[in-house]
Amino acid sequence: GHLKLAWMTAALLAAGLATISFLYLREKPDAPNAVPDLVLSIVPPTGLNLLPVGGLNVDRISPDGSTVLYETTDLRQHTRRLSSLQDQLMPLFRGYGGAFWAPDSKGIVFPTPSGLMKMRVPTGAPEVFTARTAERGGTWGEKGMILVAGYDSSPGGVSLYGVSAEGGKAFPVEVPGFKEGSYYNPEFLPGGDDFLFLFCRLDSAEAQVFIATLQGGKAIDPQLLFSNDTAATFTSA
């Protein structure tokens, strides 16, 4: 299939599973070995509801498409395999940013007051692997590097940081040629070097989505894709 970038408003981003989520695999007419249409729904545990449309957090399907990570109105995260009706409650990490998947779909990273933690799902032991947290988004690339957007003392207040998935000290990611501003929601594309991010300049009310390549601790050759109020996410079809 071809690659495309999909962007949406904050309400649509948060609505991924805010009521009922559907996954469609469309059958092409007369295509050999075509996959039939599939429809599934995500229902929260008894007594809980999914977050309403318009919230800030985004529900995430694992890279291999097997498991969904979602949040309920008690502000707890859950995982559920799409082949099962049983969900798994994740550790509490309220108020420090959203969780994100490992590229092999076998683990997640989530921010806490102590720093970033990772764990195998569904029942692995959480472990802190860096003191840097990810209040404004994070992503784990296929080559073992993690990018996060976190609060700091810079003029923009939010900068990009990189850290090895094996752990260690996070390092600031320089974006050559950029004026002062804030960075949000980095997301690696398949392959592990190219990534998307949202940038808001201090002297402008406009937010812009860029693509760049992580190389030598810098965001090399950032290219403007479009202006938008919210970050973009990557999909393939």
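Me: With which side chain does the side chain of Thr72 make a polar contact?
Reply: This is a predicted model, in which local features need pLDDT of at least 70 and side-chain atom pairs count only at pLDDT 80 or more, while totals for chains, interfaces and linings use all residues. Residues are numbered from 1 along each chain as its sequence is written, and side-chain values use heavy atoms, with hydrogens and water left out. A polar contact is a pair of N or O atoms within 3.5 Å, one able to donate a hydrogen and the other to accept it, and residues adjacent in sequence count only if both atoms are side-chain atoms. At 2.5 Å, the partner of the Thr72 side chain is the side chain of Asp74.

Me: Is Thr72 buried or exposed?
Reply: Thr72 is placed in the loop between strand 3 (67-71) and strand 4 (77-81); strands are DSSP runs of E, at least two residues, and helices are runs of H or I, at least four, numbered from the N terminus. Leaving aside residues up to four places away in sequence, Thr72 touches Pro44, Pro45, Leu48, Asn49, Leu50, Leu51 and His78, contact meaning heavy atoms within 4.5 Å. Buried means under 20% relative accessible area, exposed over 50% and partly exposed in between, with a 1.4 Å probe and protein chains only. With a relative accessible area of 0%, Thr72 is buried.

Me: How many aromatic pairs does the structure hold?
Reply: Rings of Phe, Tyr and Trp (its six-membered ring) pair if their centres lie within 6.5 Å; planes under 30 degrees apart count as stacked, over 60 as edge-to-face and the rest as tilted. The number of aromatic pairs in the structure is 10.

Me: What kind of pair do Phe178 and Tyr183 form?
Reply: Phe178 is partly exposed at 23% relative accessible area, whereas Tyr183 is buried at 10%. Their ring centres are 6.3 Å apart with 20 degrees between the planes, and the pair is stacked.

Me: Which strand holds Phe199, the residue that pairs with Tyr183?
Reply: The two rings have centres 4.7 Å apart and planes at 45 degrees, so the pair is tilted. Both Tyr183 and Phe199 are buried. The pair links distant parts of the chain, 16 residues apart: Tyr183 is in strand 14 (residues 181-188), and Phe199 is in strand 15 (residues 194-201).

Me: Over the face of which residue does Arg132 lie?
Reply: A charge sits over a ring if NZ of Lys or CZ of Arg is within 6 Å of the ring centre and within 35 degrees of the ring normal. At 3.8 Å from the ring centre, Arg132 lies over the face of Tyr161.
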